[in-house]
Amino acid sequence: MDKYNDLFSDYAVKVKDISPETTHEVKRRILDSFGVMYLAFHEDTSKAARNYDYMFEYKNGASLFGLNFKTTPEISAFANCVLVRYLDFNDTYLSKEPLHPSDMIPGLWSVAEWKGLSGKKLIEAIAVAYEIAVSLCDAASLREYGWDHVNYISIGTVCGLGRMLELKKEVIENAISITIVPNSSMRQTRSGELSMWKGAAAANSVRNAIFGTLQASCGITGPNKPFEGEMGFFKELLDGNAFDDRALGSLFNIDSPRKILDTYIKFYPVEYHAQGAVDISKELHKYIKSADDIDSITIETFKAAYDIIAKDPEKWNPKTKETADHSFQYITAACILDGFISKDSFSKNKLNNPSIKSILKKIDID
(Lines give C-alpha, C1' and ligand atoms only; values in the text may rest on other atoms or scores of the structure.)
Protein backbone atom coordinates (compact mmCIF):
# COMPACT_ATOMS: atom_id res chain seq x y z
CA MET A 1 0.00 0.00 0.00
CA ASP A 2 1.12 3.57 -0.75
CA LYS A 3 0.37 5.62 2.37
CA TYR A 4 -0.22 8.88 0.52
CA ASN A 5 -2.26 7.50 -2.34
CA ASP A 6 -4.39 5.86 0.33
CA LEU A 7 -4.64 9.17 2.21
CA PHE A 8 -5.76 11.31 -0.73
CA SER A 9 -8.30 8.82 -2.07
CA ASP A 10 -9.62 8.18 1.45
CA TYR A 11 -10.24 11.88 2.00
CA ALA A 12 -12.09 12.26 -1.31
CA VAL A 13 -14.43 9.41 -0.41
CA LYS A 14 -14.99 9.98 3.31
CA VAL A 15 -15.12 13.74 3.94
CA LYS A 16 -18.68 14.79 4.70
CA ASP A 17 -19.90 18.27 5.46
CA ILE A 18 -18.95 21.32 3.39
CA SER A 19 -19.34 24.34 5.67
CA PRO A 20 -21.32 27.45 4.65
CA GLU A 21 -18.07 29.46 4.78
CA THR A 22 -16.34 27.09 2.38
CA THR A 23 -19.37 26.96 0.10
CA HIS A 24 -19.40 30.76 -0.03
CA GLU A 25 -15.71 30.90 -0.99
CA VAL A 26 -16.16 28.24 -3.66
CA LYS A 27 -18.89 30.37 -5.23
CA ARG A 28 -16.62 33.43 -5.09
CA ARG A 29 -13.82 31.51 -6.84
CA ILE A 30 -16.22 30.37 -9.56
CA LEU A 31 -17.32 33.96 -10.17
CA ASP A 32 -13.72 35.17 -10.14
CA SER A 33 -12.83 32.45 -12.64
CA PHE A 34 -15.63 33.51 -14.97
CA GLY A 35 -14.43 37.10 -14.77
CA VAL A 36 -10.84 36.33 -15.77
CA MET A 37 -12.02 33.86 -18.44
CA TYR A 38 -14.14 36.58 -20.02
CA LEU A 39 -11.24 39.05 -20.00
CA ALA A 40 -8.89 36.51 -21.63
CA PHE A 41 -11.35 35.29 -24.26
CA HIS A 42 -9.86 37.11 -27.28
CA GLU A 43 -6.18 36.62 -26.43
CA ASP A 44 -3.87 34.71 -28.80
CA THR A 45 -3.26 31.74 -26.51
CA SER A 46 -6.97 31.36 -25.80
CA LYS A 47 -7.78 31.38 -29.50
CA ALA A 48 -5.06 28.84 -30.24
CA ALA A 49 -6.38 26.48 -27.57
CA ARG A 50 -9.88 26.72 -29.03
CA ASN A 51 -8.62 26.15 -32.57
CA TYR A 52 -7.58 22.67 -31.47
CA ASP A 53 -10.96 22.05 -29.89
CA TYR A 54 -12.87 22.94 -33.04
CA MET A 55 -11.51 19.79 -34.67
CA PHE A 56 -13.33 17.59 -32.13
CA GLU A 57 -16.97 18.59 -31.87
CA TYR A 58 -18.97 16.32 -29.55
CA LYS A 59 -22.54 17.48 -29.07
CA ASN A 60 -23.05 15.45 -25.90
CA GLY A 61 -19.88 16.79 -24.30
CA ALA A 62 -18.94 19.97 -22.43
CA SER A 63 -19.06 23.58 -23.57
CA LEU A 64 -16.29 25.94 -24.54
CA PHE A 65 -16.71 29.02 -22.36
CA GLY A 66 -18.75 31.71 -24.11
CA LEU A 67 -19.55 29.61 -27.18
CA ASN A 68 -22.29 27.32 -28.43
CA PHE A 69 -19.80 24.53 -29.09
CA LYS A 70 -19.23 21.29 -27.23
CA THR A 71 -16.35 18.87 -27.26
CA THR A 72 -15.09 16.06 -25.02
CA PRO A 73 -14.74 17.03 -21.35
CA GLU A 74 -10.95 16.84 -21.25
CA ILE A 75 -10.56 18.95 -24.42
CA SER A 76 -13.11 21.49 -23.16
CA ALA A 77 -11.30 21.58 -19.82
CA PHE A 78 -7.96 22.39 -21.44
CA ALA A 79 -9.25 25.40 -23.39
CA ASN A 80 -11.32 26.73 -20.48
CA CYS A 81 -8.44 26.26 -18.02
CA VAL A 82 -6.20 28.26 -20.38
CA LEU A 83 -8.73 31.09 -20.16
CA VAL A 84 -8.60 31.06 -16.36
CA ARG A 85 -4.82 31.04 -16.22
CA TYR A 86 -3.72 33.12 -19.22
CA LEU A 87 -3.81 36.62 -17.70
CA ASP A 88 -2.21 35.52 -14.42
CA PHE A 89 -5.29 37.00 -12.76
CA ASN A 90 -6.80 33.98 -10.99
CA ASP A 91 -6.46 33.11 -7.32
CA THR A 92 -3.24 32.24 -5.50
CA TYR A 93 -1.97 30.32 -2.52
CA LEU A 94 1.48 31.01 -1.04
CA SER A 95 3.36 28.47 1.06
CA LYS A 96 6.35 26.19 0.57
CA GLU A 97 5.01 25.91 -2.98
CA PRO A 98 2.81 28.59 -4.60
CA LEU A 99 -0.33 27.52 -6.44
CA HIS A 100 -3.23 28.87 -8.48
CA PRO A 101 -5.90 26.45 -7.27
CA SER A 102 -8.76 27.85 -9.37
CA ASP A 103 -6.91 26.32 -12.33
CA MET A 104 -8.87 23.21 -11.34
CA ILE A 105 -12.34 24.75 -11.55
CA PRO A 106 -12.96 24.65 -15.33
CA GLY A 107 -12.01 20.98 -15.52
CA LEU A 108 -14.36 20.00 -12.73
CA TRP A 109 -17.04 22.17 -14.31
CA SER A 110 -16.61 20.49 -17.72
CA VAL A 111 -17.06 17.00 -16.27
CA ALA A 112 -20.05 18.13 -14.16
CA GLU A 113 -21.70 19.59 -17.27
CA TRP A 114 -20.96 16.51 -19.36
CA LYS A 115 -22.44 14.22 -16.70
CA GLY A 116 -25.36 16.52 -15.90
CA LEU A 117 -24.40 16.75 -12.23
CA SER A 118 -25.75 19.22 -9.69
CA GLY A 119 -24.18 22.45 -8.51
CA LYS A 120 -23.94 20.92 -5.03
CA LYS A 121 -21.76 18.11 -6.33
CA LEU A 122 -19.56 20.59 -8.19
CA ILE A 123 -19.10 22.72 -5.06
CA GLU A 124 -18.13 19.64 -3.04
CA ALA A 125 -15.64 18.61 -5.72
CA ILE A 126 -14.00 22.04 -5.82
CA ALA A 127 -13.74 22.18 -2.02
CA VAL A 128 -12.11 18.73 -1.91
CA ALA A 129 -9.73 19.58 -4.76
CA TYR A 130 -8.64 22.79 -3.01
CA GLU A 131 -8.13 21.03 0.32
CA ILE A 132 -5.78 18.45 -1.15
CA ALA A 133 -3.85 20.65 -3.58
CA VAL A 134 -3.34 23.47 -1.06
CA SER A 135 -2.32 21.03 1.70
CA LEU A 136 0.33 19.62 -0.63
CA CYS A 137 1.76 23.13 -1.03
CA ASP A 138 2.19 23.29 2.75
CA ALA A 139 3.82 19.86 2.81
CA ALA A 140 6.67 20.18 0.28
CA SER A 141 8.15 22.47 -2.37
CA LEU A 142 8.36 21.10 -5.90
CA ARG A 143 10.06 24.25 -7.23
CA GLU A 144 13.07 23.60 -5.01
CA TYR A 145 13.82 20.43 -6.99
CA GLY A 146 13.07 21.75 -10.47
CA TRP A 147 9.46 20.60 -10.83
CA ASP A 148 6.34 22.64 -11.42
CA HIS A 149 3.52 23.35 -8.98
CA VAL A 150 0.95 22.04 -11.47
CA ASN A 151 1.82 18.52 -10.38
CA TYR A 152 -0.23 19.32 -7.28
CA ILE A 153 -3.06 20.55 -9.51
CA SER A 154 -3.20 17.05 -11.03
CA ILE A 155 -3.63 15.35 -7.67
CA GLY A 156 -6.25 17.81 -6.41
CA THR A 157 -8.25 17.57 -9.63
CA VAL A 158 -8.34 13.76 -9.58
CA CYS A 159 -9.61 13.77 -5.99
CA GLY A 160 -12.26 16.37 -6.83
CA LEU A 161 -13.38 14.28 -9.79
CA GLY A 162 -13.42 11.13 -7.70
CA ARG A 163 -15.65 12.85 -5.17
CA MET A 164 -17.97 14.31 -7.80
CA LEU A 165 -18.35 11.06 -9.74
CA GLU A 166 -18.74 9.00 -6.53
CA LEU A 167 -15.92 6.68 -7.51
CA LYS A 168 -14.73 3.94 -5.21
CA LYS A 169 -11.57 4.50 -3.24
CA GLU A 170 -9.50 1.99 -5.23
CA VAL A 171 -10.59 3.62 -8.49
CA ILE A 172 -9.42 7.02 -7.23
CA GLU A 173 -6.09 5.48 -6.19
CA ASN A 174 -5.60 4.16 -9.71
CA ALA A 175 -6.67 7.49 -11.19
CA ILE A 176 -4.07 9.37 -9.13
CA SER A 177 -1.37 6.94 -10.20
CA ILE A 178 -2.34 7.02 -13.89
CA THR A 179 -2.32 10.80 -13.75
CA ILE A 180 0.93 11.58 -11.96
CA VAL A 181 3.34 8.83 -13.00
CA PRO A 182 3.26 9.51 -16.78
CA ASN A 183 2.71 13.27 -16.58
CA SER A 184 5.18 15.02 -14.24
CA SER A 185 5.63 18.65 -15.25
CA MET A 186 9.06 20.34 -15.24
CA ARG A 187 9.72 23.83 -13.83
CA GLN A 188 11.36 24.81 -17.13
CA THR A 189 7.89 26.11 -18.03
CA ARG A 190 8.62 29.13 -15.80
CA SER A 191 12.34 29.62 -16.43
CA GLY A 192 13.96 32.14 -18.78
CA GLU A 193 11.83 33.67 -21.54
CA LEU A 194 8.31 32.41 -20.87
CA SER A 195 6.06 31.07 -23.61
CA MET A 196 2.34 30.51 -24.07
CA TRP A 197 2.78 27.23 -22.21
CA LYS A 198 3.13 29.18 -18.94
CA GLY A 199 -0.62 29.70 -19.12
CA ALA A 200 -1.31 26.20 -20.40
CA ALA A 201 0.70 23.94 -18.08
CA ALA A 202 -2.00 23.78 -15.42
CA ALA A 203 -4.64 23.22 -18.09
CA ASN A 204 -2.64 20.25 -19.32
CA SER A 205 -2.46 18.85 -15.78
CA VAL A 206 -6.23 19.16 -15.44
CA ARG A 207 -6.70 17.48 -18.83
CA ASN A 208 -4.43 14.64 -17.73
CA ALA A 209 -6.39 14.31 -14.49
CA ILE A 210 -9.66 13.94 -16.36
CA PHE A 211 -8.17 11.39 -18.75
CA GLY A 212 -6.60 9.41 -15.90
CA THR A 213 -9.79 9.44 -13.85
CA LEU A 214 -11.97 8.30 -16.72
CA GLN A 215 -9.49 5.55 -17.64
CA ALA A 216 -9.49 4.31 -14.05
CA SER A 217 -13.30 4.43 -13.95
CA CYS A 218 -13.28 2.09 -16.98
CA GLY A 219 -11.05 -0.41 -15.18
CA ILE A 220 -7.48 0.58 -16.08
CA THR A 221 -5.09 0.13 -13.14
CA GLY A 222 -2.15 2.45 -12.43
CA PRO A 223 1.47 1.88 -11.39
CA ASN A 224 2.02 0.56 -7.87
CA LYS A 225 3.12 2.99 -5.15
CA PRO A 226 3.12 6.22 -7.18
CA PHE A 227 4.41 8.29 -4.24
CA GLU A 228 6.51 5.94 -2.10
CA GLY A 229 7.76 3.57 -4.78
CA GLU A 230 11.40 3.07 -5.77
CA MET A 231 11.04 5.49 -8.69
CA GLY A 232 7.91 7.33 -7.56
CA PHE A 233 6.97 10.92 -6.73
CA PHE A 234 9.20 11.30 -3.68
CA LYS A 235 12.31 9.89 -5.35
CA GLU A 236 11.95 11.64 -8.70
CA LEU A 237 10.25 14.96 -7.86
CA LEU A 238 11.29 15.60 -4.26
CA ASP A 239 14.81 14.13 -4.25
CA GLY A 240 13.87 11.47 -1.73
CA ASN A 241 11.94 13.72 0.64
CA ALA A 242 8.42 12.84 1.73
CA PHE A 243 5.65 15.31 2.51
CA ASP A 244 5.58 16.95 5.93
CA ASP A 245 2.70 14.99 7.43
CA ARG A 246 1.87 17.80 9.84
CA ALA A 247 0.75 19.90 6.88
CA LEU A 248 -1.61 17.13 5.79
CA GLY A 249 -3.43 17.01 9.12
CA SER A 250 -6.85 17.94 7.77
CA LEU A 251 -6.61 15.03 5.34
CA PHE A 252 -5.56 12.49 7.98
CA ASN A 253 -8.37 13.70 10.24
CA ILE A 254 -10.97 13.81 7.43
CA ASP A 255 -11.74 17.39 8.47
CA SER A 256 -14.29 19.42 6.54
CA PRO A 257 -12.53 21.31 3.71
CA ARG A 258 -11.41 24.81 4.74
CA LYS A 259 -8.16 25.43 2.87
CA ILE A 260 -9.92 27.51 0.25
CA LEU A 261 -10.36 30.15 2.97
CA ASP A 262 -6.57 30.64 2.98
CA THR A 263 -6.33 31.43 -0.74
CA TYR A 264 -6.28 34.93 -2.23
CA ILE A 265 -8.09 36.65 -5.06
CA LYS A 266 -5.86 39.05 -7.02
CA PHE A 267 -6.34 42.77 -7.58
CA TYR A 268 -4.05 42.94 -10.63
CA PRO A 269 -3.14 40.60 -13.56
CA VAL A 270 0.44 40.00 -12.41
CA GLU A 271 2.26 37.32 -10.42
CA TYR A 272 1.10 37.51 -6.81
CA HIS A 273 4.41 38.63 -5.29
CA ALA A 274 4.21 41.78 -7.44
CA GLN A 275 0.76 42.87 -6.23
CA GLY A 276 2.27 45.19 -3.63
CA ALA A 277 4.69 46.64 -6.16
CA VAL A 278 1.72 47.71 -8.27
CA ASP A 279 0.16 49.54 -5.30
CA ILE A 280 3.42 51.38 -4.57
CA SER A 281 4.09 52.16 -8.23
CA LYS A 282 0.61 53.64 -8.65
CA GLU A 283 1.41 56.08 -5.85
CA LEU A 284 4.84 56.92 -7.29
CA HIS A 285 3.25 57.66 -10.66
CA LYS A 286 1.68 60.78 -9.14
CA TYR A 287 5.15 62.32 -8.97
CA ILE A 288 6.40 61.18 -12.38
CA LYS A 289 5.66 62.91 -15.68
CA SER A 290 8.14 60.99 -17.81
CA ALA A 291 10.97 58.46 -17.56
CA ASP A 292 13.39 61.41 -17.43
CA ASP A 293 12.10 62.29 -13.94
CA ILE A 294 13.58 59.05 -12.57
CA ASP A 295 17.22 58.81 -11.54
CA SER A 296 17.12 55.33 -10.04
CA ILE A 297 14.80 52.77 -8.48
CA THR A 298 15.82 50.23 -5.87
CA ILE A 299 13.53 47.25 -5.25
CA GLU A 300 14.03 45.32 -2.02
CA THR A 301 12.32 41.97 -1.90
CA PHE A 302 12.50 38.45 -0.47
CA LYS A 303 13.95 35.25 -1.88
CA ALA A 304 10.81 33.65 -3.27
CA ALA A 305 9.84 36.81 -5.14
CA TYR A 306 13.39 37.25 -6.43
CA ASP A 307 13.64 33.65 -7.61
CA ILE A 308 10.25 33.61 -9.34
CA ILE A 309 9.92 37.08 -10.88
CA ALA A 310 13.30 38.82 -10.84
CA LYS A 311 16.44 36.70 -11.18
CA ASP A 312 16.30 35.59 -14.83
CA PRO A 313 18.15 37.88 -17.30
CA GLU A 314 15.07 37.82 -19.54
CA LYS A 315 13.11 39.69 -16.88
CA TRP A 316 15.12 42.84 -17.68
CA ASN A 317 14.00 42.92 -21.30
CA PRO A 318 10.88 40.78 -21.65
CA LYS A 319 9.85 39.84 -25.15
CA THR A 320 6.64 37.99 -24.34
CA LYS A 321 3.56 38.79 -22.33
CA GLU A 322 4.21 35.72 -20.20
CA THR A 323 7.70 36.94 -19.22
CA ALA A 324 6.53 40.50 -18.59
CA ASP A 325 3.73 39.64 -16.15
CA HIS A 326 6.33 37.61 -14.24
CA SER A 327 8.94 40.39 -14.25
CA PHE A 328 9.15 42.43 -11.06
CA GLN A 329 11.23 44.98 -12.97
CA TYR A 330 8.90 45.36 -15.93
CA ILE A 331 5.73 45.52 -13.81
CA THR A 332 7.28 48.29 -11.69
CA ALA A 333 8.49 50.28 -14.70
CA ALA A 334 5.22 50.01 -16.62
CA CYS A 335 3.07 50.92 -13.63
CA ILE A 336 5.21 53.89 -12.58
CA LEU A 337 4.99 55.24 -16.12
CA ASP A 338 1.25 54.68 -16.70
CA GLY A 339 -0.18 54.73 -13.18
CA PHE A 340 -2.00 51.41 -13.64
CA ILE A 341 -1.59 47.79 -14.67
CA SER A 342 -4.03 46.03 -16.98
CA LYS A 343 -3.82 43.26 -19.55
CA ASP A 344 -2.83 45.94 -22.08
CA SER A 345 0.30 46.68 -20.04
CA PHE A 346 1.79 43.55 -21.63
CA SER A 347 0.95 44.22 -25.29
CA LYS A 348 3.69 44.14 -27.93
CA ASN A 349 3.61 47.94 -28.13
CA LYS A 350 4.17 48.23 -24.40
CA LEU A 351 6.96 45.66 -24.41
CA ASN A 352 8.77 47.80 -26.99
CA ASN A 353 7.97 51.15 -25.34
CA PRO A 354 11.25 53.18 -25.17
CA SER A 355 10.22 54.88 -21.92
CA ILE A 356 9.63 51.57 -20.15
CA LYS A 357 12.96 50.27 -21.45
CA SER A 358 14.64 53.46 -20.16
CA ILE A 359 13.16 52.95 -16.66
CA LEU A 360 14.21 49.29 -16.64
CA LYS A 361 17.84 50.40 -17.02
CA LYS A 362 17.50 52.50 -13.85
CA ILE A 363 16.25 49.65 -11.62
CA ASP A 364 18.35 47.71 -9.10
CA ILE A 365 17.02 44.73 -7.13
CA ASP A 366 18.32 43.76 -3.68
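Visitor: What should I know about the model before we start?

Guide: The model is predicted, so local features need pLDDT of at least 70 and side-chain atom pairs count only at pLDDT 80 or more, while totals for chains, interfaces and linings use all residues. Residues are numbered from 1 along each chain as its sequence is written, and side-chain values use heavy atoms, with hydrogens and water left out.

Visitor: At what angle do α7 and α8 cross?

Guide: The axes of α7 (residues 150–164) and α8 (residues 169–180) cross at roughly 150° and come within 10 Å. The axes are lines fitted to C-alpha atoms over the stretch in contact, with angles from 0 to 180 degrees between N-to-C directions. Helices are DSSP runs (H or I, at least four residues), numbered from the N terminus.

Visitor: Which way do they run relative to each other, then?

Guide: α7 and α8 are therefore roughly antiparallel, a term for angles over 145 degrees.

Visitor: Which residues of α7 and α8 meet?

Guide: Ser154, Ile155, Val158, Cys159 and Gly162 in α7 meet Ile172, Ala175, Ile176, Thr179 and Ile180 in α8, where contact means heavy atoms within 4.5 Å.

Visitor: Changing topic, which residues lie nearest the centre of the largest cavity?

Guide: Pro98, His100, His149, Glu271 and His326 do, among 14 lining residues. On a 1 Å grid over the protein atoms alone, a cavity is a set of points where a 1.4 Å probe fits but cannot get out, and lining residues have an atom within 4 Å of a point.

Visitor: And what is the volume of that largest cavity?

Guide: The largest cavity has about 100 Å³, a volume being the space filled by probe spheres set on the points, which are joined across faces, edges and corners.

Notes. Helix = DSSP H or I, 4+ residues; strand = E, 2+ residues; numbered from the N terminus. Parallel < 35°, antiparallel > 145°, perpendicular 65-115°, else oblique. 1 Å grid on protein atoms, 1.4 Å probe; cavity = no way out; pocket = protein on both sides within 12 Å on 5 of 7 lines; lining within 4 Å.
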